[in-house]
Every structure is written in structure tokens, then in C-alpha cells.
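Let's take a walk through this structure together, starting with its contacts and ending at a pair of rings. Have a look at the model first.

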Amino acid sequence: MSEVFEGYERQYCELSANLSKKCTAAGALAGEQKKQKLSDVRAGVEDAEALIRKMDLEARSLQPNVKAVLLAKLREYKSDLNNLKSEVKRIASGNLNAAARDELLESGMADTLTASADQRSRLMMTTERLNQSGDRIKDSRRTMLETEELGVSILQDLHSQRQALLHANNTVPPILYH
């Protein structure tokens, strides 16, 4: 195996372990500290990519039997680095999501008072309309009850008049028309 490749490999392994620790630490931080740690990790990722490129060039310059083994290792390192990049993106996007959420909440606070006043006035108007509707229902019910009493009174009068007519019909002798 190539001593140059082994030197790059050793540097990459140390750098990769260091970057993994920094990623874990960055996930637990917030604010400026998190941004600084992520910046350090990104710089380290760039260094790791440079080492992988150097290892790739070195591996391709070697004999075919050694070259295949080294390129297989190199694929593992590239996969490891891609996982590390994904982790950095995930941590950074969590930071962006928090920042976007804070920005939305801050901009919403200015509108909250206006929206609250609007909602209050609409609620007051709706309550007033509801009260007016309730009053109209009460008036309508009262009118209905008065109309019902009048109808009962008229029916009682008609019943008494019918009874009077029937009684008169029974007591008056029939008149014969010639």
C-alpha cells in the first residue's frame, strides 16, 4: 500500500471523528454558538473533501490490485462524508426553522393588536345583532300568544252563537209557507 495514501487516510479519519463530535456538540447549542460551531464543521468538511480528492488521485495512480482495495475504502469514506454533510444540513435547517418561526412570530406581534381590535369589534357587532334577533323572537312570540288568545276568544264566541242558534231553532215552531 502507498504510504502517501495511508497518511491521507489517517488525517481523514482523525478529521472525520473530530467533525462528528463537533456536529453532536452543535446540535445541543443555540444561537451564535451554534452558528459558529456549524461554520467550523463546514470548514472541516471542505478539508475532508480535499483529503478524499487527494486519496482518490493517489489510489488511481497505483497498481490495479491495490487500486481496487483503496477505491473501495474511498467509497466508504465518501459515504461517511455525505452522511456528515446531511447531518450538518439537518442541524442548520433546524436553526433556520427556528429563525423563520421567530421572525413570523415577531412580525405577527405588530399585527396582533390590530387583529385583536378588529376581532373585538366584529364580536361586539355580532353580539349586538344576536341580541336584536333575540328581541325580535321575543316580540314575535308575544304576538303569537296574543293572536292565539284572540283566536280562542273568537272560537268561543262562534260556539256560543251556534248554541244560541241551535236552541232558537229548537224552540221556534216551524213556519209553513203556502
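Among contacts (heavy atoms within 4.5 Å) between residues at least 6 apart in sequence, 73% join residues at least 24 apart. Before going further, note that this is a predicted model, in which local features need pLDDT of at least 70, side-chain atom pairs count only at pLDDT 80 or more, and totals for chains, interfaces and linings use all residues. Residues are numbered from 1 along each chain as its sequence is written, and side-chain values use heavy atoms, with hydrogens and water left out.

The protein has 3 helices and 0 strands, giving the pattern α-α-α along the sequence. Helices (H or I, at least four residues) and strands (E, at least two) are DSSP runs, numbered from the N terminus.

Of the 178 residues, 18% are buried, meaning under 20% relative accessible area with a 1.4 Å probe, protein chains only. The protein exposes about 13,900 Å², and carbon and sulfur atoms supply 56% of that area; the method is Shrake-Rupley with a 1.4 Å probe.

Now for the rings: searching the whole structure turns up 1 aromatic pair. Y12 and Y77 form this pair, which is tilted, at 5.0 Å centre to centre and 45 degrees between the planes. Rings of Phe, Tyr and Trp (its six-membered ring) pair if their centres lie within 6.5 Å; planes under 30 degrees apart count as stacked, over 60 as edge-to-face and the rest as tilted. Y12 lies in helix α1 (residues 3-28) and Y77 in helix α3 (residues 64-171), so the pair ties together parts that are 65 residues apart in sequence. Y12 counts as buried because its relative accessibility is 1%, and Y77 is buried too, at 13% relative accessible area.

How values were computed
Buried < 20%, exposed > 50% of the residue type's maximum accessible area, 1.4 Å probe, protein only.
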